[in-house]
Amino acid sequence: MISKMKNLIFIGPPGAGKGTQAEMICKNYGIRQLSTGDILRSNVSKMSPLGISAKSFMDEGKLVPDDLIINMIKEEITKPEYSNGILFDGFPRTIPQAVALDNLMDEFGFKLVRVLLLEVPDAEIISRLSGRRSCRTCNRTFHILHNPPPDPKECDRGVCDIYQREDDKEETILKRLSVYHNQTSPLIEYYENKGKLAHINGLGTLEEVYKLIEKEIE
Ligand code: AMP
């Protein structure tokens with residue numbers, strides 16, 4: 001059941017660092033990250049019906065249709081591991097998804113604490129994402145220059161299986177950025193009007209950005 005405690009939403013362009021920051025926040029606040037991208041990728045690798053429907057949209061950098069995402073979220077959030085609170089990472093990404101989340105909040109007595117908008121300019125995103133590498137085993141992300149992946153056998157979470165996501169190739173990055181500006185950025189005004197939005201400068205070190213986030217959710 002959804003908790004009435006710390007529920008947060010992360011908004012920001014792909015590659016803004018949401019996943020990495022989410023991991024730190026969840027560890028320190030005892031809440032659970034819900035990354036729609038991770039759940040979709042796991043469905044794609046299992047070739048579940050959802051994965052099969054979502055794969056082509058994801059490979060092209062397009063959004064997966066709202067009805068698929070909303071059904072997925074409805075199923076996910078009733079799991080007991082989210083009972084202390086949820087950090088939504090990568091959801092909502094459209095106004096219909098945000099409205100669906102509002103309805104779920106009403107239904108479950110869910111309290112939204114803050115919407116964290118992680119701001120990073122496009123040029124920086126392109127440099128970050130084209131060097132990004134991901135791990136199929138532990139879902140962590142690395143950067144070939146700034147945070148190189150571990151030797152596969154030395155990963156502290158099992159054997160790392162490092163790869164470059166199909167949608168981290170340059171042409172798809174540009175497409176994903178334009179999808180963000182067109183379809184997701186209207187959420188900024190949506191949550192600003194609700195008095196929930198916090199602007200976070202995503203350009204500092206991991207620790208600097210984390211401190212800014214902490215200030216907003218304490
Ligand atoms: P991410 O890892 O969050 O960048 O997500 C990777 C891809 O999964 C996106 O480019 C979309 O194709 C899809 N996706 C993830 N979350 C959503 C969402 N909330 N709505 C629609 N598509 C999504």
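In what order do the five strands of the open sheet stand? The order is β2-β3-β1-β4-β8, with parallel pairing. Strands (E, at least two residues) and helices (H or I, at least four) are DSSP runs numbered from the N terminus, and two strands pair if DSSP finds at least two bridges between them. The model is predicted: local features need pLDDT of at least 70, side-chain atom pairs count only at pLDDT 80 or more, and totals for chains, interfaces and linings use all residues. Residues are numbered from 1 along each chain as its sequence is written, and side-chain values use heavy atoms, without hydrogens and water.

β2 (32–35) and β8 (197–201) are the edge strands; each has a single partner, so one side of each lacks a neighbour in the sheet. Neighbouring strands are turned by 25° against each other on average, direction ignored. Axes are lines fitted to C-alpha atoms, for helices over the stretch in contact, and angles run from 0 to 180 degrees between N-to-C directions.

Five bridges join β1 (residues 7–11) to the parallel β4 (residues 112–119). N7 has L112 as its bridge partner in β4. Helix α9 (residues 206–217) packs on the sheet and touches β1, β4 and β8. Contact means heavy atoms within 4.5 Å. The direction of α9 makes about 165° with that of β8.

The largest nonpolar core has 32 residues. Such a core is a set of buried (under 20% relative accessible area, 1.4 Å probe, protein chains only) Ala, Val, Leu, Ile, Met, Phe, Trp, Tyr and Cys residues joined through side-chain atoms within 4.5 Å. F88 and Y191 have the most contacts inside this core. Its largest share, five residues, comes from α5. A second, separate core of 21 residues includes F10, I25, L116 and A198.

Terms used. Buried < 20%, exposed > 50% of the residue type's maximum accessible area, 1.4 Å probe, protein only.
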